[in-house]
Amino acid sequence: MKISRKTAFAGRHGLFVLAMAAGLAGWLVSAKAQDTALSDPDKACLGCHGMEGMDKKAANGDSIPLHVPADIFAKSVHTAVGCTGCHYDIKADAHPATPKNITSARAFSVETVQTCRNCHDDKFKEWENSIHASLVRDGNPAAPICSDCHSPHGVIKNAASAMESVPCRGCHSDVYEAYAGSVHGKLRESGQIMAPLCAGCHTAHSITAANVAMELGLKSICTGCHADTFEKHKTWLPNAGLHLETVSCAACHAPGVPRQVNLRLVDQATQKRIAEQSGVPRFEAAARANDGRGTGLGPVEVWTLLRSLERDKPGDQTVLLGRLEVQKGADAHKLAAKGKAVSDCGTCHRQGAEAFQTVSLSVARPDGRLIRYGAQSDVLSSIVSVDSIKGFYAIGATRIDLVDYLVILALVGGAAIPVGHLLLGWFVRRANRRGAAKA
């Protein structure tokens, strides 16, 4: 095929324009990054990838951005390893290579997580055991992976330690707003960096299910900063140790939020939760049926189901341990200054206490997430429930009046024995003295 001089000139002219454009882009990038630590090979990469609007289409039509702002990358902690430190499969002299078959932007992001593992294997293993990784394995498209929290080309040291740039707020905006208005958020905003931010309580990578953190709560999280919690509470709070075991911190320190009693299915011997796969399909079926009717499990149903679980596992005793909690996870972050904490015993220990009107019964999934089922409030107040909820009983707290009377009677009877013994001894000594006087 013969090519005309005009066509040849147009082709050479097009190449010339492209070369000039690439050179100009490279010059702009170099000028912008001249005071940075960008290497010459990285500047060469940014000659193209520094241009805005550069992207790639996945098979499903998703747009995968290929633009890397030079000024942001120059500040990144990854500048030291350079572009090929992560993109080791790309060769500069054969780029672009044969296009990859990328099904979607999400699939590409999940795949590139393995690249992070090459340098951050310890953090990867922590993440792999987290609730976030569990959600990824479940196929949840919103579950966070490395690049969702750490901008791949702009990882800035200590960026997550500032309120305005903490990555958690991207998914947990309701929790963040609650935290920002709390005593912790206000302290942080005032410049007191010792006040906890998200990772201070939940850790950065080995993030557990919210309910697990709540249950560990006082022992391993709150007391990390408030080590004198028990000593301070026992000066005014009767049975301080029991309260701290069965009442979440937020139930008192987030005044005004709705509360509930969560009954956890546990093995009495080990005090560990009964997991979803450990013989509770019958229990779950009954719970779902009651939830569907909007009635929730009643005292007799709970007792019957607990006995059936024990028949499935002879020798084990399944009980319900109760915990007073806030109803919504975001509300657990609305912590107020200690002077505003609930300290009136009547809030809970009175007839018809509001916190005891909402009851849930929970079974744990293997990853720690809870499956919650509704229960009727009289599960806490029926004589039938005494054996079922004995891990969450205190005189007057659960409104089981008959048991209160029996316990009080037992206490009186127990006290009567030593008192009667002392009185009998006193009468015997008195009779002996009178007999001796008559003699």
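Which residues point one way from β6, and which point the other way? Val-359, Leu-361 and Val-363 face one way, Ser-360, Ser-362 and Ala-364 face the other, and all are buried (under 20% relative accessible area, with exposed over 50% and partly exposed in between, using a 1.4 Å probe and protein chains only).

Before going on, a word on what you are looking at. This is a predicted model, where local features need pLDDT of at least 70 and side-chain atom pairs count only at pLDDT 80 or more, while totals for chains, interfaces and linings use all residues. Residues are numbered from 1 along each chain as its sequence is written, and side-chain values use heavy atoms, leaving out hydrogens and water.

Now let's visit Ser-362, which sits in strand β6, residues 359-364 (strands are DSSP runs of E with at least two residues, numbered from the N terminus). Ser-362 has a relative accessible area of 0%, so it is buried. Its side chain makes a polar contact with the side chain of Asn-262 at 3.1 Å (a pair of N or O atoms within 3.5 Å; within protein, one must be able to donate a hydrogen and the other to accept it, and residues adjacent in sequence count only if both atoms are side-chain atoms).

Why is β6 largely enclosed by the rest of the structure? Because six of its six residues are buried.

Next, meet the neighbours. β6 pairs with strand β3 (residues 259-267) in the parallel sense over four bridges (pairing needs at least two DSSP bridges), and Val-359 is the bridge partner of Val-261. Strand β7 (residues 370-375) runs antiparallel to β6, joined by six bridges, with Tyr-373 opposite Leu-361.
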